[in-house]
Amino acid sequence: MPFGNTHNKFKLNYKPEEEYPDLSKHNNHMAKVLTLELYKKLRDKETPSGFTVDDVIQTGVDNPGHPFIMTVGCVAGDEESYEVFRRFCVGLQKIEEIFKKAGHPFMWNQHLGYVLTCPSNLGTGLRGGVHVKLAHLSKHPKFEEILTRLRLQKRGTGGVDTAAVGSVFDVSNADRLGSSEVEQVQLVVDGVKLMVEMEKKLEKGQSIDDMIPAQK
């Protein structure tokens, strides 16, 4: 079955400069290799199954990485990715050779393969994040308490340890273990829905005391 990449085809309606991700604060090898010029050359290419360079780099764009531990920051969606995006892969291989000589190769083992994400997330379940503007709720004295009761956490849209800009937060599930992926996503959906309803009431100058949830 072809990969559902309608979102990537839509991106081609915009200039590469508009779609090229800001990687200035990312600590992964993908960010070191992917220049705007390279992105321009690869963005309209796709593998036979429909995998694009945006899919290759998505994990590295979403997760800036650990400040002290360099991660790979990309993933090949299918075997053909290594050929279609060969120039990008070669760049990563060159970097790996340099690190190998210094005694620090990419993390890999026979059972798990390459470690593609921040080590702080290893062994955890799914993280479902939503970018939502909470201009009024974020100023409410019980904002932190509401998040805790909903078992949610917040951060800036720039990734781990970033501050919210313009009251836009990345809200996600605080728990990663002990529940299914469906339950984790539903927790985010229900929690964000409630917070949006609270935000609308606060916009009208109304109280939200009767909406404060019980501890989940």
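The structure is a predicted model, in which local features require pLDDT of at least 70 and side-chain atom pairs count only at pLDDT 80 or more, whereas totals for chains, interfaces and linings use all residues. Residues are numbered from 1 along each chain as its sequence is written, and side-chain values use heavy atoms, with hydrogens and water left out. The chain has a mean pLDDT (the predictor's confidence in each residue, from 0 to 100) of 83, and 90% of its residues reach 70 or more.

Two aromatic pairs were counted, a pair being rings of Phe, Tyr and Trp (its six-membered ring) with centres within 6.5 Å; planes under 30 degrees apart count as stacked, over 60 as edge-to-face and the rest as tilted. Because Tyr 20 lies in the loop between helices H2 (16-19) and H3 (29-33) and Tyr 39 in helix H4 (residues 36-42), the pair ties together parts 19 residues apart in sequence. Tyr 39 is buried, with a relative accessible area of 0%, whereas Tyr 20 is partly exposed at 24% (buried, under 20% relative accessible area; exposed, over 50%; partly exposed, in between; 1.4 Å probe, protein chains only).

In helix H7 (residues 86-101), Phe 88, Cys 89, Gly 91, Leu 92, Ile 95 and Glu 96 are buried. These residues cover an arc (of the directions from the helix axis to the C-beta atoms) of only 155°, which puts them on the same side of H7. On the other side, Ile 98, Lys 100 and Lys 101 are exposed.

Key: Helices (H or I, at least four residues) and strands (E, at least two) are DSSP runs, numbered from the N terminus.
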